[in-house]
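Let's take a friendly walk through this structure, starting from a record and moving on to details of a sheet and a helix pair.

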There are 2 protein chains.
Amino acid sequence: MSLWTIEADQPTRELASQLTVSNGLIGVKDLTEIPGLRRGPQTDTVVYINGFYDYEPIHYGEAQFGFPQRNQMMVPLPAPTRFDLWLDDVPVDLNQGKVLAEHYQLSMRTGQFQHTLTWEERRTGHQLEIVLTRLTSLKTASLLTQRIQVRALNFKGGRLRVISGLHVHGMVQTKKFDPRLAGVDISDILAHQQVTPLSATMRGTTFTASSSARKLSTVTHYDHPGQWLTDGNWMSQFDLKQAPVAMTKTVWYKLGPVAVDATVKHALTRSFTEIAAMQRAVLETFWQTSDVAITGDDESQRGIRFSQFGLLQALGVHAGQQGIAAKGLTGSGYSGHYFWDTEIYEAPFFYWNHPELARRLLMVRYRQLAHAETYAQSLGLTGALFPWRTINGEESSAYFPASTAAIHIDADIAYLVIRYYQITHDNDFMEKYGAELLLATCRFYLGYGNFDPRKGFVLNTVTGPDEYTALVNNNAYTNYMVQFEMRYLTQHFARTDLQRFHVTVTEWRELQRAAEQMYSETHGDLIAQDDSFLSKRKIDLKQIPRDNFPLLTHYHPLVLYRLQVLKQADLLLAMVLLPEQFTTAQVQTNYDYYEPITTHDSSLSPAIYAIAAARLGQAAGAIKFFKRTVNTDLQNLQGNTADGLHLAAMGGSWITFAWGLMGLTVDDHHATLQPTLPQGWTRCTFNLRYRGEVYAITVTPTTLKVTGGTKQSIKIDQEQRLITLTPVSK
Amino acid sequence: MSLWTIEADQPTRELASQLTVSNGLIGVKDLTEIPGLRRGPQTDTVVYINGFYDYEPIHYGEAQFGFPQRNQMMVPLPAPTRFDLWLDDVPVDLNQGKVLAEHYQLSMRTGQFQHTLTWEERRTGHQLEIVLTRLTSLKTASLLTQRIQVRALNFKGGRLRVISGLHVHGMVQTKKFDPRLAGVDISDILAHQQVTPLSATMRGTTFTASSSARKLSTVTHYDHPGQWLTDGNWMSQFDLKQAPVAMTKTVWYKLGPVAVDATVKHALTRSFTEIAAMQRAVLETFWQTSDVAITGDDESQRGIRFSQFGLLQALGVHAGQQGIAAKGLTGSGYSGHYFWDTEIYEAPFFYWNHPELARRLLMVRYRQLAHAETYAQSLGLTGALFPWRTINGEESSAYFPASTAAIHIDADIAYLVIRYYQITHDNDFMEKYGAELLLATCRFYLGYGNFDPRKGFVLNTVTGPDEYTALVNNNAYTNYMVQFEMRYLTQHFARTDLQRFHVTVTEWRELQRAAEQMYSETHGDLIAQDDSFLSKRKIDLKQIPRDNFPLLTHYHPLVLYRLQVLKQADLLLAMVLLPEQFTTAQVQTNYDYYEPITTHDSSLSPAIYAIAAARLGQAAGAIKFFKRTVNTDLQNLQGNTADGLHLAAMGGSWITFAWGLMGLTVDDHHATLQPTLPQGWTRCTFNLRYRGEVYAITVTPTTLKVTGGTKQSIKIDQEQRLITLTPVSK
């Protein structure tokens with residue numbers, strides 16, 4: 001098994017997702033560059049640009065006041081990856097010959113997708129080797145480059161004609177995953193395409209989304225002489241030999257208008273080799289910081305690398321303004337929307353390895369704060385409520401019981417603010433942006449909830465992470481997370497620190513009181529998922545036929561809402577996120593209660609149980625859920641990898657590794673690690689960034705080692721179980 | 001004030017609803033028979049046929065498993081009420097002259113709508129008196145008859161030409177009330193119209209609804225010589241004189257195909273006078289049984305008559321298979337759907353006055369039992385769940401939290417079964433149909449709920465009558481009503497009586513145990529509307545601007561669901577329906593708690609508080625809410641009378657009178673009355689039917705009198721406060 005590549009010989013829809021290259025701005029998904037040579041099933045051929053969306057109206061059977069009226073939808077764009085070939089005027093296709101060999105590869109070290117084909121012409125027996133390579137630049141976010149390289153394998157040569165253009169309708173439509181995308185005709189969305197000639201080998205095209213009127217500019221360049229055809233395609237001719245001939249096509253993508261200045265031209269006309277070298281350099285730096293090296297478990301090794309690489313591809317390293325969509329830029333699922341997955345599942349990898357990127361994620365939310373304030377106002381409240389799913393900051397969900405009511409999104413963002421700060425001590429961020437995010441979300445909760453004389457501070461009519469209940473009262477996850485946030489705000493800051501937000505003494509006291517009196521229903525160590533959960537009918541999941549999972553596609557919500565059944569971790573997630581708040585006995589009791597009634601129908605679930613199991617010392621359970629998480633897309637475990645990769649499971653892989661297996665925690669005072677290697681792992685090394693310094697950690701079954709860093713005291717206990725990093729001085 | 005008519009000189013959209021004539025099958029709404037003479041605003045011109053509906057697909061922003069895929073919609077039909085007139089070839093319209101006088105009248109004694117106009121031709125000064133009269137026959141449900149009568153007022157006469165046809169697009173479209181009806185083009189719904197000539201004066205037309213393929217047959221007859229024009233209209237000429245000339249147009253309506261046999265022809269060719277006489281006779285009988293005669297309060301007198309007449313018009317006295325739509329046949333509101341209003345608000349008038357009609361209502365549900373069983377199965381349950389809104393028995397609601405979750409519909413139907421039986425002792429019905437309805441609905445509840453070791457039998461995730469909360473646990477109304485039903489079933493029957501339904505000993509015991517252990521949260525006399533209600537934020541309704549009512553059109557459901565605020569009576573309704581279950585102190589405590597937080601945004605609300613107030617001896621509150629109820633549509637108190645009359649308020653008027661002011665109750669053993677006359681009322685007489693006999697009751701401020709009946713012992717207490725009717729033997 002190659003530990004740095006994903007490879008296959010046959011195209012599948014899942015492979016198309018796995019082998020998508022993206023850099024946070026551009027995602028390119030295509031296994032069929034040469035349509036005439038397609039043998040397997042049709043797979044998606046599409047380009048996604050993070051932040052380029054159209055509106056579509058939302059229809060309600062029974063609309064009510066305040067429901068969102070329009071949805072944002074990431075636009076599936078024509079892919080500039082198409083090549084049609086002629087060898088001495090014979091079309092290179094399956095009518096004229098056959099494919100002798102084919103291979104696909106995505107390298108996580110070079111960041112390149114490569115597709116190799118050997119074609120034999122029937123009449124002459126001439127064999128061509130075709131190598132298609134592409135990358136979306138991690139150095140220059142706007143840049144897509146792709147090279148086609150052809151050589152005569154068993155004959156002297158000839159004349160090769162290449163026509164390069166766009167795949168216009170290459171997306172496989174699917175109703176299953178997101179019915180809103182079914183039957184979308186790209187030409188309906190892209191109202192205008194305006195073409196601008198720039199030079200003999202360079203052309204600009206501007207796409208305009210018909211409803212949102214948002215524009216996307218592209219500039220295309222070819223490095224080989226040729227000519228533009230009337231249909232907009234490009235034709236080049238080559239004197240084919242046994243040494244390869246090659247042509248590179250580069251495309252520049254920019255949201256809004258583009259000024260095609262010297263910088264752009266320079267970037268577009270760089271050689272493929274040069275661009276590829278820069279890509280390798282970026283990745284070398286990335287892996288130097290991020291790589292988790294596992295000895296003794298190749299499957300986990302490759303899985304965790306694929307997860308980290310997927311997170312990098314979804315966000316990029318550039319200074320963008322876009323977030324991470326649920327499927328990154330690998331598919332149409334969830335319409336390219338950003339969810340709470342970002343803060344809870346994906347951000348931890350970044351704040352422990354690339355804190356500048358975690359800060360970028362926070363800035364995406366901060367820039368959308370005005371929308372969140374408007375959203376809170378639509379519920380008659382002050383403060384801010386972030387949307388459940390969005391690209392531009394406006395709510396894009398049509399079913400409020402599982403969206404607007406999921407107010408924990410605010411606390412999830414606040415959690416990122418707090419953990420980011422605890423790890424980085426980035427005072428500049430906290431002062432300029434973090435404090436405002438914390439206060440605005442706390443204010444929202446203070447208004448949404450109320451003080452019940454009998455219970456304390458209650459948050460009624462909410463939906464927690466587990467969507468198999470909705471509109472419940474005092475969802476434990478929500479209440480614990482809100483309490484954590486309110487406590488942090490009121491302890492970290494003095495009221496007078498926040499004077500510019502007009503915090504009154506009364507408001508400050510209310511926040512303190514709400515945190516103190518936050519309600520949750522407990523029965524000894526057992527904590528109720530919400531006020532009514534433990535009163536509902538119990539079921540035995542084993543009695544449900546396997547084919548009936550995921551339950552939401554087989555049962556009416558009124559069936560699921562009435563049962564003690566979970567789609568995904570809920571209270572346990574709070575326990576994983578806030579380890580300082582719960583005793584081991586509590587975690588054990590609630591794990592034992594909730595795990596057997598959790599379907600893991602959401603890809604967000606197994607990681608959390610893995611972490612809890614690891615902390616409880618249940619090594620078998622931990623590695624089982626860890627493997628399930630890292631293989632979510634490599635083994636298509638949710639059955640819908642074709643619609644895009646599960647970024648939350650990719651983030652989940654890393655937190656399962658770090659928080660679960662390595663026992664990583666952090667609070668205001670220090671970071672700790674309490675690693676346990678799964679059976680078979682003989683060694684594991686990885687890095688963390690803490691308070692501005694890099695620490696390299698090596699774990700073996702019997703020893704711990706930490707190197708790097710000077711500003712923290714490093715303590716390893718005598719039993720070689722626990723590492724503590726404590727800042728020497730603030 | 002005329003106490004038997006509704007009259008006006010100006011057309012308004014509200015008047016069109018108030019003056020609709022209907023007979024349970026046909027509803028005719030039109031104030032503009034002669035389009036050329038319309039002066040006021042455009043008002044609805046439409047015919048509704050109870051049970052004639054089309055399907056339309058329901059669109060969901062986010063559909064989930066088991067959601068209804070199509071909606072039934074009562075088809076707004078072209079109205080055959082149009083007449084265009086020419087006097088000596090001059091069009092009788094507002095270009096050629098003016099209307100000197102106009103008057104509209106609906107008589108509750110004759111059952112006739114009458115529209116009188118005086119038109120003066122500008123050029124000649126000639127004046128015409130035109131009288132348009134129509135009725136939908138209460139004797140022969142399929143029959144609509146209408147007469148146009150014209151005379152020369154101030155001139156000798158001339159030639160009058162009348163063209164009679166259909167108003168095809170006469171409905172005023174409104175988005176406000178039911179967005180699903182906005183922009184409906186009748187021609188989209190009615191795919192085909194097939195015309196069949198039957199005789200020189202008679203023609204058949206069949207309408208076919210395009211999606212449901214349901215057919216409606218009509219036969220039209222004119223009693224005056226004339227000719228069919230190519231556009232399908234009818235033209236007649238008259239030798240106009242000072243004595244009136246008249247033409248009668250009759251139309252036969254039948255769901256499905258019609259055989260135009262001798263009976264149909266005979267009915268169609270009867271003279272207007274004869275049909276009108278039959279109508280008067282039916283109404284005479286109706287009022288003999290039903291009339292409530294009030295001395296001293298004309299407004300209430302007319303209001304209660306209008307309500308009773310409205311109930312009669314909505315249901316008819318024929319042997320139909322249709323229920324009562326929320327707006328009867330007076331408007332497009334709620335798409336012609338039947339709701340729980342029927343059983344709880346409208347049926348009482350019928351079971352106390354016309355029990356054969358109450359039985360008919362029950363049979364409408366019984367015939368739809370198979371659909372209700374399928375619906376229960378869609379939730380994985382046995383038994384039957386009746387749809388929240390329907391015409392044909394299939395669910396027609398697009399928002400399950402306020403429809404499917406409102407499972408109290410089953411108990412509401414069961415309540416009608418029980419009260420109907422207690423009043424009639426109709427053993428034939430109970431054995432053949434009632435028992436099955438009770439058992440099927442109880443079985444559903446047993447499956448929907450569960451036994452919680454701490455609480456007892458719980459019904460989680462339901463919505464009660466008050467729709468300003470949804471998906472709550474243990475809605476008090478629902479739980480009390482279900483308990484009542486389960487108790488009645490298990491006490492009235494022995495298990496062995498129900499052997500044909502395969503009731504096991506275990507199931508029977510579970511039913512008994514569920515009834516015994518039915519949970520509700522109580523705090524002394526205060527009963528919680530649901531498990532979380534009392535924990536929610538309290539608000540002061542007086543702080544909300546008047547313009548923001550009804551709240552549902554100004555606030556997001558997540559605002560309303562979190563507050564202690566009611567759209568309508570909820571727990572109080574259970575107290576009103578089940579007076580035997582609650583002490584006066586309980587009623588008082590809960591009235592005082594809930595009334596101030598009830599917006600009465602639903603027209604179903606004031607009646608219930610009126611009854612509770614009356615029983616508590618709060619005469620002022622009782623008469624205030626009573627007047628609000630009887631004037632709901634006469635004074636357009638909900639602001640949407642234009643979209644149809646509020647049948648639930650019409651039923652509510654009667655129960656407010658009977659249960660509230662007259663203190664009427666019934667149980668297994670007897671019926672009792674404890675009347676209190678409101679201030680100003682000097683005398684009140686009315687009838688009740690109890691166990692097959694009619695009782696006439698006369699109430700004055702100081703005396704009670706009962707006459708009629710021989711099989712019950714009549715007891716009036718010494719203080720002249722309480723009447724008890726006790727069956728002498730069973």
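## An annotated span in chain A

In the UniProt record, an unreviewed entry, the annotation "domain: Glycoside hydrolase family 65 central catalytic" covers residues 305-654 of chain A. The model shown here is predicted. In it, the end C-alpha atoms of residues 305-654 of chain A lie 9 Å apart.

## A three-stranded sheet in chain A

Chain A also has an open sheet of three strands, in the order 2-3-4 and with antiparallel pairing. At its edges are strand 2 (21-22) and strand 4 (46-49) of chain A, each pairing on one side only.

Strand 3 (residues 26-29) of chain A runs antiparallel to strand 4 of chain A, and four bridges join the two. Opposite A:Ile49 in strand 4 of chain A stands A:Ile26.

## Two packed helices in chain B

Over in chain B, helix 9 (residues 408-424) and helix 10 (residues 427-448) pack with their axes 10 Å apart, at an angle of about 155°. An angle over 145 degrees counts as roughly antiparallel, so that is how helix 9 of chain B and helix 10 of chain B are described. Helix 9 of chain B passes helix 10 of chain B in a left-handed crossing.

Notes
Residues numbered from 1 in each chain as written. Chains lettered and ligands numbered in written order. Predicted model: local features only at pLDDT ≥ 70, side-chain atom pairs only at ≥ 80, totals over all residues. Heavy atoms only, no water. Axes fitted to C-alpha atoms, helices over the stretch in contact; angles between N-to-C directions. Parallel < 35°, antiparallel > 145°, perpendicular 65-115°, else oblique. Left-handed = near helix turned anticlockwise from the far one by under 90°. Pairing = 2+ DSSP bridges. UniProt positions renumbered as here; feature names shortened; annotations may be inferred.
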